[in-house]
Amino acid sequence: MQATVRRVEECRVCGANDWLEVISFGDQELANGFLPQAEEYAEPTYPLDVIVCRNCWLMTIRHTVDPDALFSHYVYVSSESDLILDQMRHIVDVAVDRFGLAPGDLVVELGSNVGIHLGMFQAAGMRVTGVDPARNLVEIANQSGVESIPDFFGPEVAGRIRSGKGPARFMLGRQCFAHIDDVHNVLDGVTTVLAPDGVLAIEVPYLLPLLDENQFDTIFHEHLSYFSFGTLVRLFAAHGLRVVDVERAPVHGGSIVVYSSPADAGREPSPAVAELLAVEERRGLNTERPYREFAERTTRVIDSVRTLVRELVAGGQRVAGYGAPSKGCALLQFCGLDARDLEFLSDTTALKHGKVTPGTHIPVISPLQARANPPDCYLLLAWNYAEEILRKEKAFLENGGSFIVPIPEPRVVTAESPGGQLPGLNAAA
Ligand code: TYD
Ligand code: ZN
């Protein structure tokens, strides 16, 4: 079913209408839209064009797909990865050690998924409430004892939480803010329920590694915004929130966690705030050049990944994909690689097993099945876990298997050339 699409005219952060056209990926299927196996497929496609606001330098996509189509039944389940669990624990520590969160305080999470992160706060004695539009995930959270509301977060939900439970001392949104169209409405919700001395922690994939490491496959319809730190500072300020700290996090290819607090709470910004703004200034993020160069590199990398895979297949190798992340589904569509090129994708997420990838119709199987019949080469689609995966798949490499790591520049990892240098995947400063 074709979902409604809105063409972005005014910038969702600053309201200007002066866009730099960066790159167009053409019409694409939804990257998270895994499909049941079928004889024939006729799924809708939506334009995917990247633009940058010349006023506040927000990078975004031109067409916004109706969020109900994207998020009301979500197969992304966080998180089976050590990297992500460590990051969640880190944020709990920061909340307690740096911002004085105490047992009994209320924590509210936006995009709370199955409630793993809130479960950690709960174990530390805090009261918690999650909000997430994915009913299937909220149900799992509630069953595991993490109170969650199936809804899109905004002033209305925030008001209900506040009248039921009082103000929130800590609010967090990990990896969901970039999915939000009406960011001002969500921030109105935040200021509705946030305590006068409360802290909001927002973790987003960071624009800098996206540009520097050619992470073009993180661009798909779910991800509406690709934030620089400067753009976020400006956005939060418009809601009376002062950014008091920022840190880089080695998740999702390089993210930032931005901590803000009501401006009149009197918290002083840490030196990291001015430092990162200066880094962005030096990198020229408020100029057209880095975006234009990114577009050129992206076109080139897409061509080389396609060529590399096709050459291996033509040489008689069996190639499969490692992981079936949304970004992998995007990359395969961009490269035009399909079930004729890749035999299967191996992924740990049970919800994806037995399905096929959107647009490219490659079957997703379990790692157990894959291990029973391993290919010669894996295209590493879950490249954000490269270290973890290459460590785990030592035996595959030692038995002569290889990995293609597609970005920043495609290269082949084997037991003999373990890639020694996996450039910048943990882009933490
Ligand atoms: P992820 O990068 O978290 O998300 P996105 O969908 O936003 O791009 O997805 C990683 C996928 O990789 C997820 O489906 C689980 C899978 N995966 C494996 O199959 N094996 C692994 O060892 C790891 C770490 C992940
Ligand atoms: Zn703007």
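Where is Gln-175 in this chain? Gln-175 sits in the loop that runs between strand E10 (168–174) and helix H6 (183–193). Before I go on: this is a predicted model, and everything I say today is read from that model.

I start with Gln-175 for its backbone. Its phi is near 55 degrees, which is a positive value in a residue other than glycine. As background, most residues other than glycine have a negative phi, and most peptide bonds are trans. Is Gln-175 buried or exposed? Gln-175 is buried, because its relative accessible area of 17% falls under the 20% cut-off.

His-361 also has a positive phi, near 55 degrees, and is again a residue other than glycine. His-361 belongs to the loop between strand E17 (355–356) and E18. Its relative accessible area is 23%, so His-361 counts as partly exposed.

One more backbone item. The peptide bond leading from Ile-407 into Pro-408 is cis, with omega near 0 degrees. Pro-408 lies in the loop between E20 and E21.

Those strand names bring me to the sheets. One open sheet has 6 strands in the order E18-E16-E15-E19-E20-E21, and its pairing is mixed. Strand E18 (364–365) and strand E21 (411–413) are at the edges; each has a single partner strand, so one side of each has no neighbour in the sheet. Within this sheet, strand E19 (residues 377–380) and strand E20 (residues 402–405) run parallel and are joined by 3 bridges. If you want a place to look, Leu-379 stands opposite Ile-404 in E20.

Another open sheet has 4 strands, ordered E2-E4-E5-E12, and here the pairing is antiparallel. Its edge strands are strand E2 (19–28) and strand E12 (225–226), each of which pairs on one side only. Strand E5 (residues 59–61) pairs with E12 in the antiparallel sense over 2 bridges, and Thr-60 stands opposite Ser-225 in E12. What lies across E2, E4 and E5? Helix H10 (residues 289–314) does, running at about 25 degrees to E2.

Now the charged side chains. How many salt bridges does the structure hold? There are 24. I will go through a few of them.

Take Asp-86 and Arg-89, whose side chains meet at 2.9 Å, N to O. Both are in helix H2 (residues 82–97), 3 residues apart, about one turn of the helix. Asp-86 is partly exposed at 46% relative accessible area, and Arg-89 is partly exposed too, at 42%.

Next, Glu-147 forms a salt bridge with Lys-165, with the closest N and O atoms 3.2 Å apart. This pair links distant parts of the chain, 18 residues apart: Glu-147 is in the loop between helix H4 (135–143) and strand E9 (148–150), while Lys-165 is in helix H5 (residues 155–165). Glu-147 is partly exposed at 44%, and Lys-165 is partly exposed at 23%.

Then there is Arg-283 with Asp-212, the closest N and O atoms being 2.6 Å apart. Here the partners are 71 residues apart, with Arg-283 in helix H9 (residues 271–283) and Asp-212 in helix H7 (residues 207–212). Arg-283 has a relative accessible area of 26% and is partly exposed; Asp-212, at 39%, is partly exposed as well.

Last, a network: Asp-18, Arg-54, Glu-288 and Arg-292 are joined into one by salt bridges that share partners. That is where I will stop.

Notes
Residues are numbered from 1 along each chain as its sequence is written. Chains are lettered from A and ligands numbered from 1 in the order in which they are written. This is a predicted model: local features need pLDDT of at least 70, side-chain atom pairs count only at pLDDT 80 or more; totals for chains, interfaces and linings use all residues. Side-chain values use heavy atoms; hydrogens and water are left out. Two strands pair if DSSP finds at least two bridges between them. Buried means under 20% relative accessible area, exposed over 50%, partly exposed in between (1.4 Å probe, protein chains only). Contact means heavy atoms within 4.5 Å. Axes are lines fitted to C-alpha atoms, for helices over the stretch in contact, and angles run from 0 to 180 degrees between N-to-C directions. A salt bridge is a side-chain nitrogen of Lys or Arg within 4 Å of a carboxyl oxygen of Asp or Glu.
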